[in-house]
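The following note sets out points for a colleague who is reading the structure alongside its sequence.

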Amino acid sequence: FLAAPRGARALSRGSARAPARSRHRGHVAVAADATASGSSALDTLMGAKIIAPDGGGDDAVRSSVQTYYGETLQTSDDLKTSACCTPYDLPKRIRGILSNVPDEVKAKYYGCGSPTPQGIDGLRVLDLGSGSGRDCYVAAALVGESGRVTGVDMTDAQLDVAKKHAESYCVETLGYDSPNMEFKKGTIEDLAAAGVEDESVDLIISNCVVNLSPDKPAVLSEAWRVLSSGGEFYFSDVYCDRRLPDEIRSHPVLLGECLGGAMYVEDFKRLCVGTGFADPRVLEGHEIEVRDEELKALLGEARFYSLTYRLFKLPGRLESICEDYGQYVVYKGTIDGHPNAYSLDDHHRIEKNKPFLVCGNTASMLGETWLGAHFDAHGDRSVHYGAFDCGGPPVAMPGGDGAGACASGACC
């Protein structure tokens, strides 16, 4: 699933891959038109809408999820798949922060990745589907006393745990004068009802939650609304290598285990582009293990993956393909945990102090977002040199013949 990392292309283009890239670009171009149509039938086909286990509507889906996470699961040991587990080593600083997070908060954690970037001091962070609050507690330490963290969740049992320790953790453990973290009850499809205002957030995180939503287009639309210009949606979630049949998408256990609501990765990219999040980037990923034999038989040959995506709100700045304007960036080495090099995604690893050629999209991601404080971006878009070859990303959704289809967006 994960190929060997590509070497950094410092001031070099690498081999041409135009034909393969052109095929993938066509997918992205179609995506915007399809999603923009707003067809409910198309949304359902794409897995953007979930079918309720009892045939009910969105409220029935939410009720099923609330029951699974509020009552059925007591701890992460009760899970039947590895979808809601983080299998790889966390960064040293994150591990250190987690050692001080209350045990009760960690015991109720059901995430599938590590969607909390370092180097976010002073940012306003929103966690969609914050659950017991584990990622919020980590973010509260990372943003410092001048930053703010808000968690939104719809399950009372999870919110009770998150709120229970918030003040003591911020004041006593972190040493802040007052808490920089709060939790609100609400749904991630309607953040306005939870009091989250337009353009009030710098960074959105989410951990294995978007797939649980009965209305994924609404989730991405709300994320776009609340993000400030230059903001980022940085999240881990579960995706599939195909569109799933109704009996899987409406199965209550598979919904709770984050498999029933998993979108076909190509459809998800179409949805991103249609919402405004052009050129979605994948940072890392792994295949999910289904441990339960009954569920394994029901799923057949469908394969599921946890992927960490990065979606940037850069209106008018991200193009449908990677274009060459002769730009380059230099990493300052100032992001915590990344003193020597920084990975923007699965095929852009940039060494400290080494000029690195980038396309226009990547230049904007690194120079016009919260990352701009850590990179020097050189050049502008006044002169165009044609298409830019970013090369294919290592993280791919394998096809039946062993060939991979990009899990990322335009930059592949």
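1. Helix 12, in this predicted model, has as its buried residues V265, E266, D267, F268, K269, R270, L271, C272, V273 and T275. The helix spans residues 265–275 and is mostly covered, with 10 of its 11 residues buried. The list includes E266, D267, K269 and R270, which the reader may wish to inspect individually. Just after helix 12, G276 adopts a positive phi of about 125°.

2. Helix 9 (residues 216–226) is likewise described as mostly covered, 8 of its 11 residues being buried. Those buried positions are K216, P217, A218, V219, L220, E222, A223 and V226.

3. Which residues have the most contacts inside the largest nonpolar core? They are V125, Y169, M181 and L371, within a core of 49 residues. Helix 6 (residues 134–143) supplies the largest share of this core, namely 8 residues. In soluble globular proteins, nonpolar side chains tend to be buried together.

4. The surroundings of V125 deserve a separate entry. With residues up to four places away in sequence not counted, V125 touches I120, A139, V143, R148, V149, T150, V201, L203 and I205.

5. S229 is located in strand 5, which covers residues 227–240. Is S229 buried or exposed? Its relative accessible area is 56%, and S229 is therefore exposed, the cut-off being over 50%. When neighbours within four places in sequence are left aside, S229 is in contact with K313 and P315. The C-alpha atoms of S229 and V201 are 9.3 Å apart in space, and the two residues are 28 apart in sequence. V201 is also one of the residues that V125 touches.

6. Strand 10 (residues 341–345) has 4 of its 5 residues buried, so this strand is largely enclosed by the rest of the structure. Its pairing with strand 11 (residues 348–351) is antiparallel and extends over 4 bridges. The two strands form a hairpin, with 2 residues between them. At one of the bridges, D345 has H348 of strand 11 as its partner.

7. A separate entry concerns an open sheet of 3 strands, in the order 12-9-13 and with antiparallel pairing. Why is one side of strand 12 and of strand 13 left without a neighbour in the sheet? Strand 12 (356–358) and strand 13 (375–378) stand at the edges and each has a single partner strand, so one side of each lacks a neighbour there. From one strand to the next, the twist averages 30°. Q327 is placed opposite V358 of strand 12.

8. Overall values for the chain complete the note. The chain contains 14 helices and 15 strands. Of its 412 residues, 56% count as buried. Among contacts between residues at least 6 apart in sequence, 80% join residues at least 24 apart. The accessible surface of the chain comes to about 15800 Å², and carbon and sulfur atoms account for 48% of this area.

Note on methods:
Residues numbered from 1 in each chain as written. Predicted model: local features only at pLDDT ≥ 70, side-chain atom pairs only at ≥ 80, totals over all residues. Heavy atoms only, no water. Buried < 20%, exposed > 50% of the residue type's maximum accessible area, 1.4 Å probe, protein only. Contact = heavy atoms within 4.5 Å. Areas by Shrake-Rupley, 256 points an atom, 1.4 Å probe, with all protein chains shown as cover. Pairing = 2+ DSSP bridges. Core = buried A, V, L, I, M, F, W, Y, C linked by side-chain atoms within 4.5 Å. Axes fitted to C-alpha atoms, helices over the stretch in contact; angles between N-to-C directions.
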